[in-house]
Amino acid sequence: MHNKNYNKPKGHKPKPKPTGLREYLQCRRRGDFSWLYSLRTAETKHVHALLGFRTPTGWGLVHQVAKQGDIEILRRFLRLDGALEQLESRTSEGLRPGEPGMTPLELAEILRHPEDFQRLCSPEGAKEMVAAEAAGKNKKRKQAERKHGGMDQPLHYLLAMDIEATCRKKSDGAYPHEVIEFSTVCLDVKTQKIIAHLQVYVKPTENPILTEFCKELTGIKQRRVDGAPKLPEALEQVHEWLRSLKLVKGGYIDNRRDMKPSDPWPYNFAFVSDMGRDPASFIFQESMRKQIELPAYLMRWVNVVEHHQKATGSLARGIQSMLKFYNMDFQGKAHSALDDARNLGLICQRMCREGDVGWHLDDGVGVGSCESDPSLYLLSRKGKWSAVLNRLEGMTFWEKKEHLRFRTKTGYSLVHQAAYSGQLWVIKRLLVYAEARECLIAHTRQDLHGKPNRLTPLGVAKARGFKGEVLQVLDPRVSMDLEVKHRQDQKKLRSDSGYCFAPS
């Protein structure tokens, strides 16, 4: 007889089907609506299961949201696909047994919630809210188009980049990667031709002797990096190359500035990377450790994988898989920064020939793009750090990324607010996240008294008069040690819990 579980690993348990009962009990017993903040990337059938859940008395999640009385939670709930129809559902029992059933609007009226909340509980008011939000987004888009020629304005030049960094065969997260090669090729979008290329070797300072694994993987010999400039001088060489192509004006120092995604992009070029791993994982992390200020054109880039997936519907997530999609062969040696950059440039060239891609910039390592949702920041201003951290725990990866990178108009973020509060346990909990550690070198535009002085979180803590371990943890170099310790603790926790990982 055929066994259905023959090919399944031992101890395999089928994934439970989404029912909505667990989320209902969460918000009913504990008032926990963290499940609501994790639905952005959830499957459609999961969302529909949550919305359609009903108890034997007819109560559902929409009634619990109406009972809560939090207008921000209600707004987020109504943004779900199919949530507006749930406002017309009626329970078979009221707040107490024997009471008549009610709709979410009737429930809000009985509990005497604010008028704005009651208006959103009605189907008409909810539709007006959705229409107003759509009109607001359209208005912002048109304003941006009038301001700087459109949010997705075409770029004249694409600089396909690749970076090689120091590495070792077995890494536990404690090994600090340093850039040892920076290569890029320049593609003219209009003529669809590669017009120039650059290869710069960089001398590492924290681990100046390359491992045998690194030399074998990248093909870079020790004498290459021994005579190479350090990272700041190498970045100046990149800038001079850009000046020779007439892509930038002024010196290297003139191009160092804070920039938000909503600001107009002042260049007619942008660096291109696959998934943004090189600029975010190598350049930015090393500059944070060594306190090197980067130019604005390295703070944001074009994510070619995202453009490829949108244009073709493919699930390719790397250079090799994108080349395979176009029936192209990899030219050169893998893990050679110049060869990788050339192949990435050929992919961009092919995408330009296929049609109008509409190149646009990623959010980069600067400020996130969630300026319209400062809810966690407002909670931190009120000192409700437990609520902030609990809500972060219930978010998806991208939700956390947006909220941790949120910055106000004056440049303050959650990390700056944590430094202002001086509560060490809050700062340590926040700095577990990589996006929060990025903010350690971010400057505000005003000081604590509203004067135009730039402050990092460390500067905020010093201005508040805090001393000791608070200042140590807010130091960018110490925060890297905190990250390493957190990874080691997580690895130990997984090994103690009995998980077995297959070798990579």
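Predicted model: local features only at pLDDT ≥ 70, side-chain atom pairs only at ≥ 80, totals over all residues.
Residues are numbered from 1 along each chain as its sequence is written.

**View 1. Helix α3 packs with helix α4.** Helix α3 spans residues 61-68 and helix α4 spans residues 71-78. Helices here are DSSP runs (H or I, at least four residues), and strands are runs of E of at least two, numbered from the N terminus. The angle is about 155 degrees, and the axes lie 8 Å apart. So α3 is roughly antiparallel to α4 (an angle over 145 degrees). Axes are lines fitted to C-alpha atoms over the stretch in contact, with angles from 0 to 180 degrees between N-to-C directions. From α3, Leu 61, Val 62, Val 65 and Gln 68 meet Ile 73, Leu 74 and Phe 77 of α4 (heavy atoms within 4.5 Å). By class, six residues in this contact are nonpolar, one is polar and none is charged.

**View 2. Lys 246 has a positive phi.** Its phi is near 60 degrees. Lys 246 sits in the loop between α10 (231-244) and β4 (269-273). Lys 246 counts as exposed because its relative accessibility is 75% (exposed means over 50% relative accessible area, with a 1.4 Å probe and protein chains only).

**View 3. Asn 327 also has a positive phi.** Here phi is near 55 degrees. The loop between α13 (319-325) and α14 (337-354) holds Asn 327. At 72% relative accessibility, Asn 327 counts as exposed.

Technical notes. Heavy atoms only, no water. Parallel < 35°, antiparallel > 145°, perpendicular 65-115°, else oblique. Nonpolar A, V, L, I, M, F, W, Y, C, P; charged D, E, K, R; others polar. Buried < 20%, exposed > 50% of the residue type's maximum accessible area, 1.4 Å probe, protein only.
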